[in-house]
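Me: I would like to go through the contacts, cores and sheet of this model, with the criterion behind each term.

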Amino acid sequence: MFIEIDENSGFCFGVTTAITKAEKQLGQTGRLYCLGDIVHNGEECDRLQKSGLITITHEDLRDFRDTTVMLRAHGEPPSTYDLAERNNIEIIDATCPVVLQLQKRIKQQHTQNPDAQTVIFGKPGHAEVLGLVGQTEGTAIVIANFDEAKTLDFTKDILLYSQTTKSIDEFNRIISYIKEHISPGCKFQSFDTICRQVANRMPNIRKFSEKHDVIIFVCGHKSSNGKVLFNACKQVNSNSYLVENASEIQNEWFTNAKSVGVCGATSTPKWLMEQCAERITTMNNE
């Protein structure tokens, strides 16, 4: 049985940078606080925890003083930086450059036109989205999907942005709908803020899934990007299975399979996909 690991799967640039910064600090001090899970993958979080990474919440941060805290790639609202300054907390900022640029753009546009509806196409409550909403002092409207775009007030100016990991196709549908329904005299601007490194995973993973009899998609259960990419696999290959680690792989999935593809999300480490491929090889040999 042929087993292939998708070379285009695995950490995106932002996650790679965050983990590199964490490992560097851990190598120097043996301990580091991180605000929230450094990546939405339990296996990778466990690995770093063994090296001294301690995940804390925003509630924890309020009681911290005179220490060092890392901000993950998802980014944070201005209030987090303000709190850190008040409590003399040194920040290791691992915010993804793409997210950071988006934050600055939203803040600038909101300052210039505070009466406009700032709309963010994204997952409500997601860490990145919370950071984006914070740039508007909490006034931005979050829409999770195309249908929710219909609830906007089309008698006001609209500034539309997207969480960096959302679907380009759905974002374009939302743009078209708003253009058709915006009231005469009202201004509508859309900003394509979707990360192309992430967006390009969709067509690549569809092609990869078509090549194999069985697809093993490896990702953490908290990964929004993982759910989207796994659904793309499932659409083109019904023999697609989502696992968090190698122990969840079941032998009966590979009956009569001649080729197996192993792939994952932007939050999936390569070493974890390799472990899964090794497990499949062992099952096949047995």
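Me: What makes Ala18, Lys21, Ala22, Leu32, Tyr33, Cys34, Leu35, Ile38, Ile92 and Ala94 contacts of Met70?
Reply: Contact means heavy atoms within 4.5 Å. Met70 meets this with each of those residues, leaving aside its neighbours within four places in sequence. The model is predicted: local features need pLDDT of at least 70, side-chain atom pairs count only at pLDDT 80 or more, and totals for chains, interfaces and linings use all residues. Residues are numbered from 1 along each chain as its sequence is written, and side-chain values use heavy atoms, without hydrogens and water.

Me: Which residues touch the most other members of the largest nonpolar core, and what is such a core?
Reply: A nonpolar core is a set of buried (under 20% relative accessible area, 1.4 Å probe, protein chains only) Ala, Val, Leu, Ile, Met, Phe, Trp, Tyr and Cys residues joined through side-chain atoms within 4.5 Å. The largest has 19 residues, and Ala18, Leu32, Ile38, Leu53 and Met70 touch the most other members. The largest share, 5 residues, comes from α1. A second, separate core of 18 residues includes Val119 and Ile174.

Me: How do you know that β2 and β4 pair?
Reply: Strands (DSSP runs of E, at least two residues) pair if DSSP finds at least two bridges between them. β2 and β4 have 3 bridges, in the parallel sense; Tyr33 has Val69 of β4 as its bridge partner.

Me: Why are β3 and β5 at the edges?
Reply: The open sheet runs β3-β2-β4-β5. β3 and β5 each have a single partner strand, so one side of each lacks a neighbour in the sheet.

Technical notes
Buried means under 20% relative accessible area, exposed over 50%, partly exposed in between (1.4 Å probe, protein chains only). Helices (H or I, at least four residues) and strands (E, at least two) are DSSP runs, numbered from the N terminus.
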